[in-house]
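Please open the model in a viewer and keep the selection tool at hand. The stops below are arranged so that each selection leads to the next.

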Amino acid sequence: MSYQLSTGEIARLNSDEANTPITEPIVLQVVSNIQPFGNQSPKRYRCMLSDGEMSAIGVLSNNLTALVDENIITRFSVLRVKKGN
């Protein structure tokens with residue numbers, strides 16, 4: 001399955017519109033190596049995410065830790081993100 005990146009979404013999230021609710025899933029690509037973040041338990045990871053125009057450093061959700069540990073999510077993976085509950 002292939003998804004088109006959500007071009008312009010990082011700029012929107014960093015603007016005054018950031019409080020606007022996310023109504024559709026956002027598609028971002030991991031463009032850096034995924035690195036452990038801090039010494040917390042449970043383990044957390046951070047990486048650079050891109051929407052095709054801009055990039056930002058993000059901390060991945062705890063729900064994705066196992067996928068990173070199993071090398072299912074790696075550099076150049078495409079993530080389809082939707083707002084959690």
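Where does P42 lie? In this predicted model, P42 is found in the loop between β2 and β3. Its relative accessible area is 49%, and P42 is therefore partly exposed.

**The salt bridges**

Select K43 and D69 next. These residues form a salt bridge, with 3.6 Å between the closest N and O atoms. The pair links distant parts of the chain, since K43 belongs to the loop between β2 (35-36) and β3 (45-50), D69 belongs to helix α2 (residues 65-69), and 26 residues separate them. Both ends are partly exposed: the relative accessible area is 40% for K43 and 41% for D69.

How are R12 and E9 placed in helix α1? They are three residues apart in this helix (residues 9-13), which means that about one helical turn separates them. R12 counts as buried at 17% relative accessibility, and E9 is buried as well, with a relative accessible area of 16%.

In soluble globular proteins, nonpolar side chains tend to be buried together. To see the largest nonpolar core here, select I10, I26, L28, V30, I34, Y45, C47, L49, L60, V68, I73 and L79, which are 12 residues in all. Colour the strands as well: β1 (26-30) and β3 are the elements that give two or more residues to this core.

Now centre the view on I73, one of the core residues. Which residues does I73 touch, not counting residues up to four places away in sequence? The contacts are I34, L64, L67, V68 and L79. Of these, I34, V68 and L79 also belong to the largest nonpolar core.

**The largest pocket**

Rolling a probe the size of a water molecule over the atoms shows where empty space is left. The largest pocket contains about 270 Å³ of space. Its lining is made up of 13 residues, and those closest to its centre are L60, S61, L64, L79 and V81; select these five to find the site. L60 and L79 are also members of the largest nonpolar core.

Which strands each supply at least two residues of the lining of the largest pocket? They are β4 (55-59) and β5 (78-81). Strand β5 gives the most, with three residues. By type, the lining divides into nine nonpolar, two polar and two charged residues.

**The loop between α2 and β5**

For the last stop, select N71 and F76. N71 is found in the loop between α2 and β5, and F76 lies in this loop too. Most residues other than glycine have a negative phi, and most peptide bonds are trans. N71, however, has a positive phi of about 60° although it is not a glycine. In F76 phi is likewise positive, near 80°.

Are N71 and F76 buried or exposed? N71 has a relative accessible area of 59% and is therefore exposed. F76 also counts as exposed, at 51% relative accessibility, because the cut-off for exposed is over 50%.

Conventions: Residues are numbered from 1 along each chain as its sequence is written. This is a predicted model: local features need pLDDT of at least 70, side-chain atom pairs count only at pLDDT 80 or more; totals for chains, interfaces and linings use all residues. Side-chain values use heavy atoms; hydrogens and water are left out. Helices (H or I, at least four residues) and strands (E, at least two) are DSSP runs, numbered from the N terminus. Buried means under 20% relative accessible area, exposed over 50%, partly exposed in between (1.4 Å probe, protein chains only). A salt bridge is a side-chain nitrogen of Lys or Arg within 4 Å of a carboxyl oxygen of Asp or Glu. On a 1 Å grid over the protein atoms alone, a cavity is a set of points where a 1.4 Å probe fits but cannot get out, and a pocket is an open set with protein on both sides within 12 Å along at least five of seven lines; lining residues have an atom within 4 Å of a point. Grid points are joined across faces, edges and corners, and a volume is the space filled by probe spheres set on the points. Ala, Val, Leu, Ile, Met, Phe, Trp, Tyr, Cys and Pro count as nonpolar, Asp, Glu, Lys and Arg as charged, and the others, Gly among them, as polar. A nonpolar core is a set of buried Ala, Val, Leu, Ile, Met, Phe, Trp, Tyr and Cys residues joined through side-chain atoms within 4.5 Å. Contact means heavy atoms within 4.5 Å.
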